[in-house]
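Colleague: Could you help me learn to read a structure like this one? I would like to start with how helices cross.

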Amino acid sequence: NDIADRILRGVETVQGGVHEALFEPVIRLGVTGLSRSGKTVFITSLVANLLDRGRMPQFGPATAITAAYLQPQPDDTVPRFDYEAHLSALTSPEPHWPESTRAVSELRLSFKVRPAGLLGGLTGQKTVHLDIVDYPGEWLLDLGLMEKSFAEWSAEALQAARDRAEGEAFLAVLDAADPSAKQDEPTAKSLAQSFTAYLQSARAAGYSDCTPGRFLLPGELDGSPVLTFAPLPAGEAPRGSLHREFERRFDAYKREVVKPFFRDHFSRIDRQVVLVDALGAIHSGPKAVEDLRRTMADILLAFRPGRVGRIMSLLGQHKVEKILFAATKADHIHHNQHPRLTAIMEALVRDARDRADFAGASTQAMSLAALRATVEETMEHQGQSLDVVRGMTEGGKQAAFYPGELPEDPAHILSPARKGAERWLDAQYEIMKFRPARLTLRPGEGPPHIRLDRAAEFLIGDKL
Ligand code: GDP
């Protein structure tokens, strides 16, 4: 009896699981991008606009959404995306930007929907869950490390450090060290610290490829041996030497840090948005753009069907169906420049697709602002009319800026032969640091944005 009872209960739980899977579909939406690309602002504004069915005219699923609400997420050990704190930063009387993404986090938004038309009355409501997973793009780039040995990675990382002015100090520290000597922790630490400092300044200078990703965003691993290594030139690696130990830590990093992230988070994503601060890279100059272009191809590689599964020897990785590449912060430029920004994103995606030899998800490129902080104006300046954007500066003053122009043909920015002289967005882009505008939202109104509704439509519109 007892056994029969247990079997029955087992069947019930299985059915319970099946029930949820069948009748309550779950969409896992990954949101990524390099640090400061705008992930936190994007998720906060997206959720606020979806919850209140705010300013989303272009978001038009076939169903009628009768309710949208936040729920406890399914993964108990993943930090929750702190939506309320981020929204209150943006909407407080002294609005300020929320704290940026430092690690993976998750938020579940659930919808009650009713099929439109006659069918609606017949089938009734259903519930669809949207699990938003926020994670640093830096971690995605680590996928490339999985296929490299310590020697291969070192050779590439050292070459990059030599090519960038920011690498000088680290290379000097490295020069003074003897990697074949017996390993001691102070030397290991000082090498790792100057390597990390170099990666951080390279990132600040606009370079995208700054792996290993956790060196920039270490989370709870800060100071652990798995992050205390640096690339070393080829040479002797006797037992007990610093070289041997760094090699071992590099392998541990792949095994203990990179692999679990792909297994537990990445491999479960259905839809993905990759946010790109393309304006920032363009402003930083040709080297930063070239680096971004290569990085986009690396990112797309991770979405190549079957690749992650093969590298990580995982079974049954499901496929990412759609990927949106979005240039963020488009409110920094006048809307008459937006088509040019979108064309640049489109060219980047096309190029990345070609390089990644990629035939998988459907992709789209777009330019958007998750939280619009400016208004547009046309000003007379020395007999010319200039299209400017006006907003509240970090210093608390209203000011109008002319950011400069983007080229009409993306090839002017993206062709690798270009090697430099031309610069774009060179006018006042550097000094344009806006605060979020003061918001007075009426009930049912979401924060102002540019094309966030179109992004939502592409990513999830067909699933509701
Ligand atoms: P994350 O590191 O990817 O989470 O980046 P955040 O979402 O924290 O954004 C980084 C910074 O970019 C913010 O603090 C803002 O200064 C700026 N930013 C992000 N989104 C927008 C936007 O839509 N408009 C404007 N003007 N600035 C933005």
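Modeller: A crossing is left-handed if the near helix is turned anticlockwise from the far one by less than a right angle, and right-handed if clockwise. This is a predicted model, where local features need pLDDT of at least 70 and side-chain atom pairs count only at pLDDT 80 or more, while totals for chains, interfaces and linings use all residues. Residues are numbered from 1 along each chain as its sequence is written, and side-chain values use heavy atoms, leaving out hydrogens and water.

Colleague: Which hand does the crossing of α12 and α14 have?

Modeller: The crossing of α12 and α14 is right-handed. Helices here are DSSP runs (H or I, at least four residues), numbered from the N terminus. Helix α12 spans residues 286–302 and helix α14 residues 338–355; their axes are 8 Å apart, at an angle of about 55 degrees. Axes are lines fitted to C-alpha atoms over the stretch in contact, with angles from 0 to 180 degrees between N-to-C directions.

Colleague: What do we call α12 and α14 relative to each other?

Modeller: Angles under 35 degrees count as roughly parallel, over 145 as roughly antiparallel, 65 to 115 as roughly perpendicular and the rest as oblique. α12 and α14 are therefore oblique to each other.

Colleague: And which polar atoms lie by the ligand's oxygen atoms?

Modeller: A polar contact is a pair of N or O atoms within 3.5 Å. A polar side-chain atom of Lys39 is 2.8 Å from a ligand oxygen, and a side-chain N or O atom of Thr40 lies 2.6 Å from a ligand oxygen. From Ser37, a polar backbone atom is 3.4 Å from an oxygen of the ligand.

Methods:
Polar contact = N/O pair within 3.5 Å; in protein donor to acceptor, adjacent residues only side chain to side chain. Helix = DSSP H or I, 4+ residues; strand = E, 2+ residues; numbered from the N terminus.
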